[in-house]
Amino acid sequence: LIAAASAMLISRMAGLPLASMTGLMRRLADGDLEVAIPDLERSDEVGQMANAMLVFRDNAIERDSAERGRRDSEKYLGTVVNNMLDGLIVIDVKGLVQSFNPAAANIFGYQEEEVIGKNVAILMPEPDRSQHDDYLQNYLGGADAKIIGLGREVFGRRKDGAIFPLELSVNEMEIDGRKLFIGSIQDNTHRHEMTEALNESNERFRGFAEAASDWFWEMDQDLK
């Protein structure tokens with residue numbers, strides 16, 4: 001009887017650490033990464049289980065830290081992009097818009113949800129509107145770049161159909177093996193208006209100067 005009772009007691013005592021480990025595993029699975037793991041110094045099966053759980057917990061902490069860092073980086077980058085003064089448009093190799101920041105929305109008159117997933121050609125007037133897909137595929141096939149990696153003035157098309165001048169710079173990038181193109185856009189409408197106003201002012205001044213010169217010449221002739 002004493003022997004049977006002793007065996008039962010030993011069995012229960014051995015089962016207590018295992019039951020405790022099972023509870024700790026549940027806590028880890030539920031995301032409790034601050035759980036303390038006991039019995040690490042033991043050399044039996046319980047100790048082996050404890051050390052395995054320690055490795056699992058440390059790896060989970062590392063992954064969680066990396067994920068938080070990625071989310072923080074995305075949040076920071078999103079804040080920067082959303083507060084840029086220049087329009088920023090990201091397209092894939094099919095020409096479909098993947099990102100469209102608020103400045104781009106303000107320039108073109110489209111809301112982000114109206115453009116995401118659509119072909120970027122909707123933002124272009126003819127003939128670029130019809131030729132863009134061919135140009136993109138030719139570039140991907142090895143043709144020389146006409147805009148990518150460069151910057152130049154082109155024309156854009158607003159939602160209301162208005163055509164306007166813009167400065168466009170396009171660069172190629174790759175994220176997780178996926179090729180993308182990022183375009184930076186500045187609306188040149190105001191600059192063109194200023195240039196035209198300056199040219200008109202210069203023309204008026206030139207006409208005034210010529211008229212004044214003729215008048216003085218005529219007066220000089222009369223005085224003679």
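In strand 4, Leu166 is the bridge partner of Val154, and this pair belongs to the seven bridges that join strand 3 to strand 4 (residues 163-175), two strands that run antiparallel. Two strands are said to pair if DSSP finds at least two bridges between them, while the strands (E, at least two residues) and helices (H or I, at least four residues) are DSSP runs, numbered from the N terminus. This is a predicted model, in which local features need a pLDDT of at least 70 and side-chain atom pairs count only at pLDDT 80 or more, whereas totals for chains, interfaces and linings use all residues. Residues are numbered from 1 along each chain as its sequence is written, and side-chain values use heavy atoms, with hydrogens and water left out.

**The sheet and the helix across it**

Five strands form an open sheet with antiparallel pairing, in the order 2-1-5-4-3. Its edge strands, each of which pairs on one side only, are strand 2 (97-100) and strand 3 (151-157), and the twist from one strand to the next averages 35°. Three bridges join strand 1 to strand 2, which run antiparallel, and the bridge partner of Ile91 in strand 2 is Val97. These two strands form a hairpin with four residues between them, and Gly95 in the turn has a positive phi of about 85°.

Helix 5 (residues 128-140) lies across strand 1 (87-92), strand 3, strand 4 and strand 5 (178-187), and runs at about 135° to strand 5. Such angles run from 0 to 180 degrees between N-to-C directions, with axes that are lines fitted to C-alpha atoms, for helices over the stretch in contact; contact means heavy atoms within 4.5 Å. His132 has its place in helix 5 and, leaving aside neighbours within four places in sequence, is in contact with Ile91, Asn119, Val120 and Met124.

**Two loops**

A cis peptide bond, with omega about 5°, joins Glu126 and Pro127, and Pro127 is found in the loop between helix 4 (112-115) and helix 5. Asp176 lies in the loop between strand 4 and strand 5, and its phi is near 55°, a positive value in a residue other than glycine.

**Buried and exposed residues**

Buried means under 20% relative accessible area, exposed means over 50%, and partly exposed lies in between (1.4 Å probe, protein chains only).

| Residue | Relative accessible area | Class |
|---|---|---|
| Phe100 | 2% | buried |
| Phe108 | 3% | buried |
| Phe164 | 2% | buried |
| His132 | 13% | buried |
| Asp176 | 81% | exposed |

**The aromatic cluster**

Rings of Phe, Tyr and Trp (its six-membered ring) pair if their centres lie within 6.5 Å, and planes under 30 degrees apart count as stacked, over 60 as edge-to-face and the rest as tilted. By this rule the count comes to three aromatic pairs. The rings of Phe100 and Phe108 have centres 6.4 Å apart and planes at 40°, so this pair is tilted. The rings of Phe108 and Phe164 have centres 5.6 Å apart and planes at 65°, so this pair is edge-to-face. The latter pair links distant parts of the chain, with Phe108 in helix 3 (residues 102-108) and Phe164 in strand 4, 56 residues apart. Phe100, Phe108 and Phe164 form one aromatic cluster.
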